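Thanks for coming. I will go through a few helices first, then some single residues. Please have the sequence and the model up on your screens.

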Amino acid sequence: MLRVVHRLFRPTITRSSFAGQYIRLEIISGKNLRVPSQRIPAGIYVSTNVDSQRRWKSLIKVLSSEESVMWGNTVTLSPCGSPGFSIEIRASYEADRMLGNGEVIGKLKMSWDELLDHGDESFDLSFPSVRGVHPSLTLKVAVVHACDNQNGALSDSLVDCEIARETDAGHARFAQYVTRNRDRVSHLNHAVRHFQLVVDQCPASHPDHATALTNLAWARLIGYIQNHLQDIDATTSLFRDALALRPQRHPDHCLSLYNLAEALNWRHDKKHTAADIREAAQLYHELLPLCPEGTYLRSIAAGANGVDYVIRGCSKLPKDASDEGIHLRRVVLELCPLGHQLRPRALNKLGQAVEARFLQYGSIDDIDEAIQFHREADFLCPEGHAAYLNNLAYSLVLRFDHQGKPNDLDEAISLHEEALRLRPVGHKSRHSSLDNLGGALIARFHKRGDIADITRAISLFREALTLRPPGHPRRDTMLNNLALALKTRYDKSDVSEDLNEAIDLYRESIRLTRHDHPDRPAILFNLSSVLCSRFTETQENEDVEEAITLCQESMAALSSLDPDRFFSYMRLRVAYLSRYEILHDPGDLSLAIQNSRLASRHPTQGFPERILEAIDWARQAEVYHHESALEAYQMCFELFDSHVMTRSSIISRREAATAFDDAQLLPVDAASCAIRNGNLRQAVELAEQGRGQQWSLASRLRTPVEDLELANPKLAHNYLELSKLVSDAAESSATISDRAAADRAETEYRRLTRRWEAAVAEIRDLRGFSRFLLPPLYEDLQAAARQGPVIILIASQYSCSAIIVPTSGDPHHVPLPSVTLADLKILKDRFTRAIRHALKMDPTELRSDLIVLSRIIWHEIMLPIVNVLEHVLKLKRRSRIWLCPTAAFTSIPLHAANPFQTKADRSGKEPCLEDLYTCSYTPTLSALTRSRQLMKKRVPPSFVAIGQGQPGGGKGKALLAVDSELELVHKLVPATANRTTISGDAATRAGALEALQRNTWVHLACHGKQDRAQPYNSHFVMRDEHLTLLDIMDKDIPHAEFAFLSACHTAVGDEETPDEVIHLAAGLQFSGFKSVVGTLWEVDDGVAKHVVKAFYTNMFKDSKDGVMDCTKAAWALNRATHAVKKTVPLEQRMVFIHIGV
């Protein structure tokens, strides 16, 4: 069967048939564009050649990561006089001015017939294979009757130049060297010779000098890689010179960066020069942002042999805590964006470097940052990566040691436990996890004292030591750690075997440790510590002499700012004191105190360690009657203040303040010390400085700045703005539960705090503001006594007494010789039992226990004070006095002091304290002064009564008398006040908070609850949610004046920090209420209304034109409790106290 082939008829084109016609060729795109020499091009272009006079090339376009190019260039060709044309794909190694024609990727010759055979549709033109793929172009052709404008340009400008011909010859030879197996070295030598000739003809001033250098250097580099050439240093220098000639914004700057980085990588690969990999990292760091995504250069630079090689190379560099070393690690991290497989490794290495700098200089910012890096690395790494767990945990332990945050230690132990689980018996790194977990358990033992922790730590260290047998490079560290654990157990259990074994282990560790090893000083002062312990036990002088020598040797090896120098000072203090206790040489005591002083002031050690050392200093100075005791107390308060200020949230500040055993006695012990030294003014200052730190820190951010605004409005505005930022940061951080987010918030808080501190320092430079926000001097504190004396009651373990701060003149000391701290604790417990019993009694029964206790308060405590007030200060009866109790005195109702005794002449009863004076309380003198200052900001009064007698389910029993109490209050308050009442469903947390902010006078009738475990959670019970102390403290209400808290437990602090006076009444005073009536224990709501009625009746009696004066509150309460003697039982009269102005 005959098959007929149908084909489209196209007339044969002859030279004569093209008269007046042209062929328009569109170069659309190209793909599989691999360069034979494997060199990275600056771009790819297409050239056509009809004859020597009709040559054209397209624009140079950047090669994509998929080895393709989009052109869209058009050329109009005249076929006249030629049977066809040639088309080439070429790689250009210059983005701008080309030297020569570049390297050929593919070349074809075509007749016009072949070209036109594809019709009007685009078609692919395939070229011979290059490195396993066929380059191709997508073209489109059309016959046109006029010569259109064309893209691209004629390309005959440099063809005939000798340097261009030499360059093209070099490219051709070099491509042959790379692609052929025969005569390879000969091709390389020819290529180098051609390129060298070009360099010789292009001196430094020639515009193509950089190009010539680069071509020669690239040929030499590949020859070096293939081991056909040796001089890599000269090659690298050529690339470096070329880069210098192509600065930023030069079109070929990126390629020159890459070329030099590639040379450095290869030199590092063969010579392992650390400087090369560091420089390569910097070059890639500069290069990548300049390389658009999707380009071939970026894909290669960011690939396995580019950035990834640099990252891996840098990860093998030794840990470098210098600024330059850390900068390099940051550069490497920036080379690993999110999603990069090596990002966890880069984070880990950067974290370790920053952590190492922390160990050198003790900056909290460094350890915070290290934890953030380790946390991200742990998050990104696959499950089961024990090394990252260990590193994060280790950083957390370091921060715990420096800052004392319990959550850090708990998290670290949990992470170490998980890491150990991932390293079972037989795992090559098990010894490391055993060691790390043991160290964390020692830290927890020091914190909580559980003997199980130290026992387990010793067991872990012993197992780890078996995994680091003699000859192991880390055996010395393991010996030290086991010795440390044994010494720790000895301090707890006093077992001599532990002490002797620890000494032997330390000696072996020192023997194995090089003299220049960074851990050696720590081992030296640790051995010193155990020798001191043995000296105390055996009193053999050789031990203490060696201990002192070891500490001195360790100190000589440490820089002046090394955090470990603190421990050298501390161990020296122990050694000198140990010798003093045996030999009684005053010089040893002086040296011990001097080393305590140096340790406490050592700036790079964390505050917790320095605080503990300062406390020890104060205690030892007291024991040995050393003159530095007051200096030591002062240091304690300064360190406490700085330490607590680093905590962003109010709750974490209290946590920091309660972390030190017996620290709550420091303020009163300091005041007692000053009294015993005859310096009463300083006693007042120290008692004030050491007490109420929580309120003091918080109030700094709300300090009135009227005087500053007059002196320097700009500084005042800046200070107020920063104060708000710090306050807001503290408030927001309190609600964060995610640990990583909390760490970031803490870092931001500290950054803002530093700015705030800088602003304060600038204010102190102003004339008249040198003591801005510094602890007040006696002259400043005496302002609190402007309207009546303030009586500070000091309850110290060394002595109990009172200091009366009069309206003017020096303070007066009132010894209380028959009262001890133990007596006060017993008295407090007896009062607690007596009140509990009285609350269960019938209202008509005699409160015998309370009467006995009130007599004790009168005779033992208040009578000596009253004698001074009457006979020395000549204070008139009914005058106002303010009680400022400290420590154990805060738990005793001092205002209830009563002799309960008939006068000798039978003319009546002896007066009690409240018969003689109108009593108020103040948490601190500063709080009272601040309230008085805020009295200047008075606004028209508004009164709100808030009551909640029916709280939500489970929040307490119903208070049946609340509604009638609110009605009573409404009737008694002057009609001139803007009166409102909120109760029932409207008395919610939000409703109560809004009412507190909108009104100047507040009466609260509801359940109150003092949370003794976390006093900031103390609260008023509302309909829906609790209105907490934290809620109240968050509000700044400067126009507020008076609050009556008809609720239980609103003016009683917690036992852990009694001198902080953290309770609901104090919180309202802090928020702006100048005058507050609160309660010390449970209130009977059915009885309380009698006191409330008597109080408001007296409060507004004789008020002219309905004027509401909150300074009358103390007098009104005094009159009210007298008025209800017959209807209200004793404990329900004693329960109410007045705080403030």
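I start with helix α27, where L680, Q682, A683, V684, L686, A687, E688, Q689 and G690 are buried. Buried means under 20% relative accessible area, exposed over 50%, and partly exposed in between, with a 1.4 Å probe and protein chains only. The helix runs over residues 680-690 and is mostly covered, with 9 of its 11 residues buried. Helices here are DSSP runs of H or I with at least four residues, strands are runs of E with at least two, and both are numbered from the N terminus.

Two notes on where this comes from. This is a predicted model, in which local features need pLDDT of at least 70 and side-chain atom pairs count only at pLDDT 80 or more, while totals for chains, interfaces and linings use all residues. Residues are numbered from 1 along each chain as its sequence is written, and side-chain values use heavy atoms, with hydrogens and water left out.

Next, helix α3, residues 184-201. Its 18 residues reach 26 Å from the first C-alpha to the last, close to the 26 Å expected at 1.5 Å a residue; the expected span is 1.5 Å times one less than the number of residues. Which residues of α3 are buried? They are H187, L188, A191, V192, H194, F195, V198 and V199. They lie on the same side of α3, because they cover an arc of only 160° around the axis. That arc is taken from the directions from the helix axis to the C-beta atoms. As background, an α-helix has 3.6 residues a turn, so residues three or four places apart point the same way. The cover over the buried residues of α3 includes α2 (162-179) and α4 (209-225).

Now two helix pairs. Helix α12 (residues 364-380) packs against helix α13 (residues 386-403) at about 155°, with the axes 9 Å apart. Axes are lines fitted to C-alpha atoms, for helices over the stretch in contact, and angles run from 0 to 180 degrees between N-to-C directions. α12 and α13 are therefore roughly antiparallel. The cut-offs are under 35 degrees for roughly parallel, over 145 for roughly antiparallel, 65 to 115 for roughly perpendicular, and oblique for the rest. Their crossing is left-handed, which is the case if the near helix is turned anticlockwise from the far one by less than a right angle; clockwise is right-handed. Residues making the contact include I364, I367 and I371 of α12 and L389, L392 and L396 of α13. Contact means heavy atoms within 4.5 Å.

The second pair is α17 (residues 475-493) and α19 (residues 520-538), at about 30° with axes 11 Å apart. These two are therefore roughly parallel, and α17 passes α19 in a left-handed crossing. N480, K487, Y490 and D491 in α17 meet I523, N526, S529, V530, S533 and E537 in α19.

Last, single residues. K874 has a positive phi near 55° and is not a glycine. Its place is the loop between α34 (848-871) and β13 (880-885), and K874 is exposed at 60% relative accessible area. A887, also not a glycine, has a positive phi of about 45°. Is A887 buried or exposed? A887 is buried, at 6%, in the loop between β13 and α35 (913-916).

L243 sits in helix α5 (residues 232-244) and counts as buried at 14%. Leaving out residues up to four places away in sequence, L243 touches H253, S256, L257, L260 and L283.
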